Each structure stands twice: as C-alpha cells, then as structure tokens.
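Here is a short briefing on one protein model. Look over the sequence and the structure, then read the points below.

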Amino acid sequence: MCIDHGNRREFLKTAAAAGIAVAGVQAVAVPATAEARGHATGPGGRVALTGVRVFDGNALTPPRTVVIDGGRIGVSSAGARKVDCGGAVLLPGLIDAHLHLQNLDTLRQLTAHGVTTALDMASFPPSTVEALRRRPGLTDIRSAGTPAVAPGSPQSQLPTFPANGVVTGPEQASGFVRARVAEKSDYIKIIIDEPGLSPETVKALVRAAHAAGKQVMAHATSGPTVERALAAGVDMIHHVPLDSPLSPALAARYAAGGPVAVPTLTMMEGFAGLGIPGFDYAAAEGSVTALRRAGARILAGTDANRTPGIPVQPPFGVSMHHELELLVRAGLTTREALNSATSLPAQAFGLRDRGAIRTGYRADLLLIDGDPLADIRATRSIRSVWAGGVEYTPGA
C-alpha cells in the first residue's frame, strides 16, 4: 500500500512518525473466545442450491444444482434442504491476495462481501494472527507475519515493529526466515525500497525462504525495485509503480516464468489522489495493461487496512469489488478479472481446496444477481455468502 521513491522520503518519515505501518499493520488482539456471527447451513447439514448458473472459470453453466455437504461441495442432494436460486449466479468465494488484517470485525466485513480467503501481507504480533485463524463461518486466512525491512526504514522506526524484522545484511537472512517459520508465517514478505535492503540481502532472503519451503512476496513500487525483485527470483511482486508504467521488457520478464503480479490498484488509485508530486494513477493502470498484454499472471489484491494514520484505507470486503472493476478498466476481460480473485490466487498460493466450485472443495461460495461476465459490477449484487459451508448472516 505504500510508495517508496527516494525523493518522497520525508513523506514516509512523517507517516512513520505518525504511526503509519507503511508496509505492514499491527493487528489488534482478538479474544480467543470471540465467536463468528454466522448462520449455519452446515458444516453438519446438507443444502442443495438449485437453479444456479455456476462460473466455471470460463463461462456460466446452464442452471444446475450445487450441494453443500459438511462444509464441502458435495455430490448427492438426497435428503438435503433445497433452496431455489432461480437462475442466480454462483461464484467461488473471492480471494483477496493483499490486505492487512486487524481483528475479528475485519473478518466479518470480508465474509459479508464474499471474500472468503484473505492473504495477509503483514500483521503482528504472531499471537494476534493466530487468533484470527480457523474461525468457523468466517474468512479463512494466511499471513506473512512480520516483513523483512531495512535498518533506518520508516517501517523499522515504528514503535510496534518487531526488532527481528530488521535485516542489516545477507548474513541475517537465515535467522529472519527461521524466526518467521517459528511464528507460523505462511510465506515471507520482503520490503524492497529505494534505498533499502541491498540486492545481496534480498537474494539471500529469497534463498533462505525457498530453502525453508516458503514463497516470497516482494513489496516493490518502482521500476528499479521491480528489477531487483525479478533478479532475486521472488515468487510474487505486490503493487505497481505510480511514477511511470512498467516497460514492455519488464512486463515480459514477469510473463516468462517469472513472478505473479498483485497490482493493488485500489491502493494505487488512493495514493494517486493525494496530490503527491509525481504520482499518477495512469502509470499504475498502464503497468497492469502491459502485464496483461505480456501474459503475466495477475491477482486481485486490495491492500485493505485500518492502520491509524494511513492516508488511504480501502475498506475490507467491498474494496475487492472495486479492485475487480479497476482491473477490467486496465484491460483484463471480466473472465480474467473473476479468475484473478478465484482460481489464480488459489493456484499461486497452493490453496488446492478452493478457487473453483468442484466436488470436495471448500464450500466457499458467493451467490449474486446479474451476470458478472457481462458487467463485472454484478459481483456487488450479493444474495448469500457461504464460508466453509456456513451461510453468513450479518448480526445473526
């Protein structure tokens, strides 16, 4: 969510002094006894959704029946409670590939808007992240935990930032990764700024993470930092530049077996609207256009956050629908946009039980009115949401 160009360092220092977690968010503790506000159709029960047109990754099927059985997509509707959906469209639950969790209420907001998987890109302390995992009937999460940052960076100066997240050189890379593994981080996040972590340090972090079986997420918001991320062999690059579009050559490197792109256009749009000299949303949109033309894999991520002092705070859940609209405006087809929030992030993050509506998969489902292939804004017309087979009812 953050911009890191050298000539705007004072802006970032001011933000850090004000308590802004420029690349990460300190989460707020959630009592372990907090209960999800959900209305169970399962996981113990069986429900048959009849007359639904299913998005299968390419098109909408003719009306059919989808069974929710024990929190999964089932086979038989025998004995199930039948719900006539009257031709409404059924989508896989949406996956937000970049946000910063805070508390249980953020999970409720995500679930209510059909975001049933949240991929957190920096939250701490580990106890708070753990408290948000495995909440029945609410959004399922993965998290990077504490990101790797450079000494003297705005992030490192935050009072709440963990000291072991500051990496001074390549020799500390293995220790940083071991600490994240011990804290149960699902993947490793690296903040690549200008100035910041040296290329050698970034490469050492990537090697250590891959040796530990962890994917690497890179925060990179300029052409030079994108090049550094590509040279280091990271798995995903989050954000796109706001100063100038990615060149066709850089976009081609993404596509040629390189990393996945998570542009976070919603956040880029917000920062471009702050009036900061040199920030132009057209650069971010142009970068996505170039990536799409090159054939790069693009995932939908919003950078939703509630960090005090952050000047741009995309709301949890609803911002995903705006992100899909921005991706379409940047050149993705509606089909590609839907896949960027369903099957593609599931594949990229190794989540093999979601992202599509298939027998045995998690019953993460979003029932909507309208045809999102004709108009992506139809994803906002939500009738019902199921998270792990539990139908979400706000305030239930």
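Helices (H or I, at least four residues) and strands (E, at least two) are DSSP runs, numbered from the N terminus. This is a predicted model: local features need pLDDT of at least 70, side-chain atom pairs count only at pLDDT 80 or more, and totals for chains, interfaces and linings use all residues. Residues are numbered from 1 along each chain as its sequence is written, and side-chain values use heavy atoms, with hydrogens and water left out.

**Overall fold**
- The protein chain holds twelve helices and 18 strands.
- Of its 396 residues, 59% are buried. Buried means under 20% relative accessible area, exposed over 50%, and partly exposed in between (1.4 Å probe, protein chains only).
- Take contacts (heavy atoms within 4.5 Å) between residues at least 6 apart in sequence: 69% join residues at least 24 apart.
- The chain exposes about 14100 Å² (Shrake-Rupley method, 1.4 Å probe). Carbon and sulfur atoms supply 52% of that area.

**Cis peptide bonds**
- Phe124 to Pro125 is a cis bond, with omega near 5 degrees. Pro125 lies in the loop between strand S10 (123-124) and helix H3 (126-131).
- Glu194 to Pro195 is also cis, with omega near -15 degrees. Pro195 sits in the loop between strand S12 (188-191) and helix H5 (199-211).

**Positive phi outside glycine**
- Arg134 has phi near 55 degrees. Its loop runs between H3 and strand S11 (140-143). Arg134 counts as exposed because its relative accessibility is 58%.
- Lys184 has a positive phi of about 70 degrees. This residue is in the loop between helix H4 (173-182) and S12. Lys184 is exposed, at 53% relative accessible area.
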